[in-house]
Amino acid sequence: MGEGGAGVSGGGMRVEKASAESEESEARERSGGGRESEERLEEEGVSFGEILRALRRSRVRTEILMYLYKIYPKASYPAEISRNTGIDPTNVLGGLRGMGSRFDEANSLLKLGLVEKIERGNATYYRISERGKAFIESLKMS
């Protein structure tokens, strides 16, 4: 599954293709003027618009994020994410942490701060971060 596409849809979240400025404006309107929410997200160095663009460019990242939001506060491992989303396990890893030229590490869910990595013994789990949860909730408010 490639990262291209005009729009991304997953688990009730829809991010339309538009200019970065109008995306940010629309998202602020949906979150009730959500400047506070946007500022909280930007505290960690990645802008609200950059997150929107990264998700718009990748159905894989969007679906992984929505799945982790749905099971919050539980964490999941890549094979389980793959089974529950129907996304190839290699692509799940690419969306979570980046992989080669297909999944840019800078736009991975981990680098964007939307997902956190949890290591328990020999296993690695992933869970949506508070930042990721706040991001999705800011989009869902309308």
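Helices (H or I, at least four residues) and strands (E, at least two) are DSSP runs, numbered from the N terminus. The model is predicted, so local features need pLDDT of at least 70 and side-chain atom pairs count only at pLDDT 80 or more, while totals for chains, interfaces and linings use all residues. Residues are numbered from 1 along each chain as its sequence is written, and side-chain values use heavy atoms, with hydrogens and water left out.

**Figure 1. Residue S82 in helix α5.** S82 is placed in helix α5. With a relative accessible area of 10%, S82 is buried (under 20%; exposed is over 50% and partly exposed lies in between, with a 1.4 Å probe and protein chains only). A polar atom of the S82 side chain lies 2.5 Å from the backbone oxygen of I87. When neighbours within four places in sequence are set aside, S82 is in contact (heavy atoms within 4.5 Å) with I87, D88, P89 and V92.

**Figure 2. The crossing of helices α4 and α5.** Helix α4 spans residues 59-71 and helix α5 spans residues 78-85; their axes come within 10 Å and cross at roughly 100°. The axes are lines fitted to C-alpha atoms, for helices over the stretch in contact, and angles run from 0 to 180 degrees between N-to-C directions. Helix α4 is therefore roughly perpendicular to α5 (65 to 115 degrees; under 35 is roughly parallel, over 145 roughly antiparallel and the rest oblique). On the α4 side, E63, I64, Y67 and L68 meet E80, I81, N84 and T85 of α5.

**Figure 3. The pairing of E116 and R127.** E116 is found in strand β3 (residues 115-120), and R127 is in strand β4 (residues 123-128). The side chains of E116 and R127 meet in a salt bridge of 2.7 Å, N to O (a side-chain nitrogen of Lys or Arg within 4 Å of a carboxyl oxygen of Asp or Glu). The two residues are eleven apart in sequence, and their C-alpha atoms are 5.4 Å apart. E116 is partly exposed at 28% relative accessibility, and R127 is partly exposed at 25%. Setting aside neighbours within four places in sequence, the contacts of E116 include L110, Y125 and I128.

**Figure 4. Further salt bridges.** The structure holds five salt bridges. In one of them, the closest N and O atoms of E105 and K111 are 3.6 Å apart; E105 is partly exposed, with a relative accessible area of 45%. K117 forms a salt bridge with E119, with 3.5 Å between the closest N and O atoms. K117 is partly exposed at 43%, whereas E119 is exposed at 57%.

Technical notes:
Polar contact = N/O pair within 3.5 Å; in protein donor to acceptor, adjacent residues only side chain to side chain.
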